[in-house]
Amino acid sequence: MTSPAPKRKLAINRLRDRKPLDHAAVDRFLARNEVPIVEGARCTFLFRGDADEVLLAQRVVGLPEQMPMRKLRGTDLWYLVLELPEGSRVNYQLEVRRGEHVERLNDPLNPKLSYSPVGTSSVCFGHGYQTPEWTGPDPVARQGSLEHIEVPSRALRRDCPVTLYLPARFRRTSTYPLLVVHDGPDFLQYAAAKTVLDNLIDRFEVAETIVAFLHPKDRLTEYTNSTAHSRFLTQELVPRLETTLPLMGRPSGRCLMGSSLGGVASLSAAVRSPGTYGSLILMSGSFVFTDIGNDHGGGPVFDPVVKFVNRYRAGPARVADRVFMSCGVYEPLIAPNRSMVPTFESTGMSTRFVETRDGHTWENWRDTLRDALSWVYPGAQKFVYE
Amino acid sequence: MSPRITLLGPQPRSSLRRALGDLDPEALVSTVTAGWQEREVDDAELRELVGLRTVNLSLHARMQSVYDEDREYAHAEREHEAALAELRQLYLVQLDHALSAAYDVARGSDARPRLRERALTDSLRVVALLDAQHMQRVSDFQQAFYDAWLPQERPAVARNRDEIQSVLEGSSALAIAGGHVGELARVLHLFHVAPHLPARVVAWSAGAMALTERVVLFHDFVPHGVAHTEVYGRGIGVVPGVVALPHARRRLRVGDQIRMSVLSRRFAPARCLVLDDATRVPLDEAGGLPPDARVLDHDGHIASVEAA
């Protein structure tokens, strides 16, 4: 009978056993390993330096927001081993305390960063996670173009900038579906939306689509169940685009998309105009609700959202034909999003829900674009046999 | 006289040479690369591969010129295509339920095999009925469109048809490349290519599909899961009784015996022809498959025609 092969010790434990465990040994250890060190499901986070306390700060639901790192005896190396399921992607920072002074910083040993409008954070790619290749520039893919327009809005009492994406090979003699994207500049900057569209359209995975990227002015008002924003979308923007561009002009050719509060704004506009939009893409929608009472814990900004979601949940209505939903399982919003699935399904809307091992991040939404877009507007992949 | 037809799989480097190898060195070969759409003109490699005098029929470019010249017709066709797309969506909704039912029945383990087989036969009849009705509706739509717009009488179309006929009459062979099968079928119909085929026709991938009576679309590996295999519409019909499946091993879950069995039985008595890389399938004079051609048998395996 053969016994199973002994499990290889973690790199940090092999280092701990080393004699002498001196400065030079730590130098060699750090030079040899990419940080965090990912060994199967176990990820070793490291910090090197003098400190009184080092904490790993992250927002994975189910884990403490701050986890103390341990100092490797006789060195200035701090470590924490965390188990992360296959395919995880976790944003984090380090909190270093020296006396009374506390500093929050990105991991100096890890060059991988996650970007967002509020700044950067370090990111750990768990075992099996790979940045999808279709999110990076493909020199062979035909490039669509971006152009900026201003849409005067009586509803919002301002001229609304919109960035239009026209697919490569755009022709006025063709007709295209329309995708309206909330938080447009962020989707372009942090979720590589143009690159993704170029690649997926070129590969026939997504139909040639015209995309309107919206620039919010005050998203905490406009995206929290605002009548004015919904009126802008349905009565001003879409009719104008359908007059000036070769768009299909039917519900099946109209889709609203948004992440976080943008998801709320998308659903809210569809609820106010059922049947106008054939599809919705709701990524990590901020669908905060209460089953009883008003204590939702989201602060005053979420009051109108909770009121809206509670009302919708009390009387769910079919507002589109298809709803694509996604959410990271490490987000606080995972439970509300899961709860919305049966609510949408109960109305007869065709609902597809995708969970990712990720957080409330732009990279998460970027990585989900392929699933979402190819489901809502499938390309000619099924037609092409080279 | 019926043309001699050879169907090829993808990557037809060697198989194309073999299919055309016995032609006179001075023979003219017409080519169709319309499936490549706006890349139709990038055919240098193909010309080299054929190794004979070639002329590209430029069907995609001709179609674009028709649209530019005859805006009224272009608009009408766009509306027509939109209606066909709606028709397709309605068919897919029905197909989704009917095929899911067939798979569920086929996979059911509780029922006695004899009863399950009967239920599966019934389910497949429903699927086949949907397929047949969709084909009929698409054909009726196409006919109504042609009857209303009479493309053959529109100068831009008629002129191109005449030119194409003339080139084909001077050609010894026609080589049809793959690409977008919908576009290919559309231009082959619009320019009325079928009645003027030269004595030899070689077609691969989407080109092979476009020659059949019934174009069937399939892709089991789309990003969001599995897409149902569906009937798209009519090809030019010079290869009867065959459902062409190029890239079968790459695009179908060939290891899923139940899916493959349903696929094969659904289109019976037509044969589901597996066209993998470099495959060469010379049809006999009656358009029949050779005994060694690879097809899906009713058990869901890939087998030769004689064994299936």
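Student: In which sense do strand E19 of chain A and E5(B) pair?
Tutor: First, the conventions. This is a predicted model, in which local features need pLDDT of at least 70 and side-chain atom pairs count only at pLDDT 80 or more, while totals for chains, interfaces and linings use all residues. Residues are numbered from 1 along each chain as its sequence is written, and chains are lettered from A and ligands numbered from 1 in the order in which they are written. Helices (H or I, at least four residues) and strands (E, at least two) are DSSP runs, numbered from the N terminus, and two strands pair if DSSP finds at least two bridges between them. Here strand E19 (residues 384-385) of chain A pairs with E5(B) in the antiparallel sense, over 2 bridges. Within this pairing, A:Tyr385 stands opposite B:Gly179 in E5(B).

Student: How many residues of chain B are in contact with chain A?
Tutor: Two residues are in contact if their C-beta atoms, placed from the backbone, lie within 7 Å. By that rule, 22 residues of chain B touch 16 residues of chain A. On the chain B side, at least two residues each come from helix H4 (71-107), strand E5 (179-180), helix H7 (181-190), helix H8 (206-211) and strand E7 (214-222). Residues are also classed by type: Ala, Val, Leu, Ile, Met, Phe, Trp, Tyr, Cys and Pro count as nonpolar, Asp, Glu, Lys and Arg as charged, and the others, Gly among them, as polar. The side of chain B that touches chain A has 12 nonpolar, 8 polar and 2 charged residues.

Student: What share of chain A is buried?
Tutor: A residue is buried if 20 or more other C-beta atoms lie within 10 Å of its own, exposed if 12 or fewer, and partly exposed in between. Of the 386 residues in chain A, 44% are buried. Chain A holds 10 helices and 19 strands, and its C-alpha trace spans about 75 × 60 × 50 Å along the principal axes. Of the contacts in chain A between residues at least 6 apart in sequence, 72% join residues at least 24 apart.

Student: Is B:Phe191 buried or exposed?
Tutor: B:Phe191 is buried, because 25 other C-beta atoms lie within 10 Å. B:Phe191 is located in the loop between H7 and strand E6 (200-204) of chain B. Beyond its neighbours within four places in sequence, B:Phe191 is in contact with B:Leu59, B:Arg62, B:Asn160, B:Arg161 and B:Ile164. For B:Phe191 and B:Arg62, the separation is 129 residues in sequence and 9.1 Å in space, C-alpha to C-alpha.

Student: At what angle do helix H6 and helix H7 of chain A pack?
Tutor: Two packed helices are described by the angle between their axes and the distance between the axes. Axes are lines fitted to C-alpha atoms, for helices over the stretch in contact, and angles run from 0 to 180 degrees between N-to-C directions. Helix H6 (residues 227-244) and helix H7 (residues 261-272) of chain A pack at about 70°, with their axes 9 Å apart. H6(A) is therefore roughly perpendicular to H7(A); angles under 35 degrees count as roughly parallel, over 145 as roughly antiparallel, 65 to 115 as roughly perpendicular and the rest as oblique.

Student: Which strands stand at the edges of the open sheet in chain B?
Tutor: The open sheet has 6 strands in the order E3-E2-E4-E6-E1-E11 (chain B), with mixed pairing. Strand E3 (53-56) and strand E11 (280-282) of chain B are at the edges; each has a single partner strand, so one side of each lacks a neighbour in the sheet. Within chain B, strand E4 (residues 173-176) and E6(B) run parallel, joined by 4 bridges, and B:Ala173 stands opposite B:Arg200 in E6(B).
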